[in-house]
Amino acid sequence: MNEDISQNETRNKIIFHIDFDYFYAQCEEIRRSDLRNIPSVVCVYSGREEDSGVVSTCNYEARKYGVKAAMPIRLAKSKLKDVEAIFLPTDMPYYHDISANAMRIIHNYGELFEQVSVDECYVDFTKITNSDFDDAKIFARSLQKNIKDQINLTCSIGVGPNKLISKIASGFQKPNGITVVTANDAKNFISNCNFEDIPGLGPKTVKRLESLGIKSISDISKKGIFELRDALGYKTATFLVNASNGIDYSQVKVRGTSKQIGKIVTLKKNVDDLEQINLTAENLCKSVFENLREKRQAFRVLSIILILENLQHISFSRSLKLYSASFDELQKNSLSIIKEMINNNSITLNNIRRMGVVVSDFKDISGQDSLLNYFEN
Ligand code: DGT
Ligand code: CA
Ligand code: CA
């Protein structure tokens, strides 16, 4: 999907860091809307005694009372003793499902994507935003809306010229926030941060910095790497001097083997009959199917992506009951999803600029005797 994206391009990068808000607690709200307006706390019960264990996270209502992650459950209960509040145990498989659905929506934009935890990812949106931070802000809003509309989940987005700045920025206006820090503002932005805002800057390093008389990030920016190298080691010194100047060279890393196979094409202008759309979809399916066949993979999740003239991005995913390696099934489902998307969103056909077919959730079928049957089309 990323065939025309080069990590080495010289234009200014625009990196998004996306972090889902009060994640486990929000997952609970998604399936129980009665939790939305009262404090709710998700707990890891140790099982030793009733109420022994710690808070994993809580919603923003509960945070108003001072409840926080890692706090003993008993302490959280005492803070909420005068109000109606709900305490729930964690349900990791369910949170992972919601995470996979949300990550899929983001990944489906087809840009360089790196998931870093159950509720966080980086995406390099340099190309889609054309390196323009104003466009990036509008785009971030539409991405937020897309996730909210599809799975009712809110997230906060940091938009920056590199991973470090976007990561710090995503935490600035939570929940449901967007914080844009342009390349020009990056140094000033980070100078106003504290040591603990810098990911990876632990208490040991802070102590060493203080012993050198360095009290702030802007103090670091006045030093050269060679001045800090002996006390901190070359790697940390380089990272910190760069960071204090708003610079970070780390790349968005696409992890492991590709977790999606897909193809997106730009449509010719003024396509206004469904038959032409269907024909394009069939060609996309053919290409995706060839790729699946080469890699000997069956898939279970099919996503269709439509990008409209105004850059609005609409995607819809369907999970099949069983893994499939059938071209017919791929094509039949693709066409039916496209029809539904067009109807449900009242899309005017000639507003569709790009269309994509993406499959994910694979099962390796290279060892199957029935391989030929599997790929019959
Ligand atoms: P946010 O991002 O501030 O709106 O709130 P969360 O809850 O999303 O916080 P975050 O992003 O630091 O963590 C993501 C999830 O990881 C969170 O929903 C629950 C889990 N988690 C975070 N901190 C702890 C912890 O100290 N203990 C345990 N057991 N789980 C944690
Ligand atoms: Ca979060
Ligand atoms: Ca997080």
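Biologist: Which polar backbone atom is 2.7 Å from an oxygen atom of ligand 1?

Modeller: The model is predicted, and in it that backbone atom belongs to Tyr22. A polar contact is a pair of N or O atoms within 3.5 Å. At 2.7 Å, the pair formed by the ligand oxygen and Tyr22 is within that limit, so it counts as a polar contact.

Biologist: How much of the accessible area of ligand 1 does the protein cover?

Modeller: On its own, ligand 1 has 600 Å² of accessible area, and the protein covers 68% of it. The elements that give two or more residues to the shell are β1 (15-20), α1 (23-31), β3 (53-58) and α2 (60-63).

Biologist: What is the shell made of, by class?

Modeller: There are 8 nonpolar, 2 polar and 5 charged residues. Of the 15 residues that surround ligand 1, the closest are Tyr22, Thr57, Tyr60, Arg63 and Asp119.

Biologist: Why is ligand 1 said to lie between domain 1 and domain 2?

Modeller: Domain 1 (2-21 + 94-187) and domain 2 (24-91) both contribute residues to its shell, so the ligand lies between them. The protein is also assigned domain 3 (198-244) and domain 4 (260-373). The C-alpha centres of domain 2 and domain 4 are 41 Å apart.

Biologist: Why is α1 called largely enclosed by the rest of the structure?

Modeller: Of its 9 residues, 7 are buried, so the helix is described as largely enclosed. The buried ones are Phe23, Tyr24, Ala25, Gln26, Cys27, Glu28 and Glu29. Their cover includes β1, β2 (40-45), β3, β4 (86-89) and α4 (92-107).

Biologist: How do you know whether Thr126 is buried or exposed?

Modeller: Buried means under 20% relative accessible area. Thr126 has 0% relative accessibility, so Thr126 counts as buried. This residue is in helix α5 (residues 126-129).

Biologist: What does the side chain of Thr126 reach?

Modeller: Its side chain reaches the backbone nitrogen of Ile14 at 3.0 Å. A polar contact of 2.4 Å also joins the side chains of Thr126 and Asp124.

Conventions: Residues numbered from 1 in each chain as written. Chains lettered and ligands numbered in written order. Predicted model: local features only at pLDDT ≥ 70, side-chain atom pairs only at ≥ 80, totals over all residues. Heavy atoms only, no water. Near = heavy atom within 4 Å. Polar contact = N/O pair within 3.5 Å; in protein donor to acceptor, adjacent residues only side chain to side chain. Areas by Shrake-Rupley, 256 points an atom, 1.4 Å probe, with all protein chains shown as cover. Helix = DSSP H or I, 4+ residues; strand = E, 2+ residues; numbered from the N terminus. Nonpolar A, V, L, I, M, F, W, Y, C, P; charged D, E, K, R; others polar. Domains from an automatic or database assignment. Buried < 20%, exposed > 50% of the residue type's maximum accessible area, 1.4 Å probe, protein only. Contact = heavy atoms within 4.5 Å.
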